[in-house]
Amino acid sequence: MTTTTTSYGTWTNQISTYSTGPDADVLDYINGGDADWRELLEKSGAFAEMVAAYRAEIEKALPPDVSLCGTEFIGPWQPEPGDFDGYPVDEDGALDIAACLEGIDLEPIIQAHDPLTLEDIARDELKSTAKEPAKAASMAMSRLGVKAFYHGPDPESGRTRSYFRAGEVRAALASRPGQGTRSDVTAGNAL
């Protein structure tokens, strides 16, 4: 059976009259950062990853038969009864797309795809006091199996650097032994 689809509106008339789409929202968000960082996001592909991750979160928040295609929401012309059960609707009973998406926070998406250098990892994530902190970070990333997603020039020195996704680094560091709650100690029974 073929389902006829129709437009449920555009990003501009459903979500924000001041935005042309999710790509523009990500761009607006990062425009507060310095020029070197924004250039790194573009050259490394991190910006495209941020946009793709944001769009994936949008798709997860929408009912299965509704999708964001470019900047237009598309869904069934005549939804079956129950198709939108559990999703917010407006006063006319139509799907409330803005309410579906209001729980999506762009900040963690940006942070997860933020490129980190070995120096950043050593200083900010490992809190390293090693004589050569970048080497310590490199060894930690190697042991944890975290690979750089981009190799490119440092904006200041021009030296080639390895860049790692912040979300992957933080997840790997959190998974190290000894990083969680001890399972061998119960409350009031600490050693």
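Which residue in β6 is the bridge partner of Y150? It's Y163. Before I go on, a word on where this comes from. This is a predicted model, where local features need pLDDT of at least 70 and side-chain atom pairs count only at pLDDT 80 or more, while totals for chains, interfaces and linings use all residues. Residues are numbered from 1 along each chain as its sequence is written, and side-chain values use heavy atoms, with hydrogens and water left out.

Okay, the strands. Helices (H or I, at least four residues) and strands (E, at least two) are DSSP runs, numbered from the N terminus. Two strands pair if DSSP finds at least two bridges between them. Strand β5, residues 150–153, runs antiparallel to β6, with 4 bridges joining the two. Their hairpin has 6 residues between the strands, and there G158 takes a positive phi near 85 degrees. β6, residues 160–165, is also joined by 2 bridges to β4, residues 115–116, again antiparallel. In that pairing, P115 stands opposite R165.

Now the inside. A nonpolar core here is a set of buried Ala, Val, Leu, Ile, Met, Phe, Trp, Tyr and Cys residues joined through side-chain atoms within 4.5 Å. Buried means under 20% relative accessible area, exposed means over 50%, and partly exposed is in between (1.4 Å probe, protein chains only). The largest core has 29 residues, and V26, Y54, I58, L62, F73 and L101 touch the most other members. Elements giving two or more residues to this core are α2 (22–30), α3 (35–44), α4 (46–61), α5 (97–101) and α6 (106–112). The largest share, 7 residues, comes from α4. Take Y54: leaving aside neighbours within four places in sequence, its contacts (heavy atoms within 4.5 Å) include W11, V26 and I109. Apart from this core lies another, of 13 residues, among them A122, A137, F164 and V169.

Last up, charges. The structure holds 11 salt bridges, each a side-chain nitrogen of Lys or Arg within 4 Å of a carboxyl oxygen of Asp or Glu. E57 pairs with K60, with the closest N and O atoms 2.9 Å apart. Those two are 3 residues apart in helix α4, so about one helical turn separates them. E57 is partly exposed at 29%, and K60 is exposed at 61%.

D120 and R123 also meet in a salt bridge, 2.9 Å from N to O. They sit 3 residues apart in helix α7, residues 118–125. D120 is buried at 18%, while R123 is partly exposed at 48%. R123 meets D124 in a salt bridge too, at 3.1 Å.
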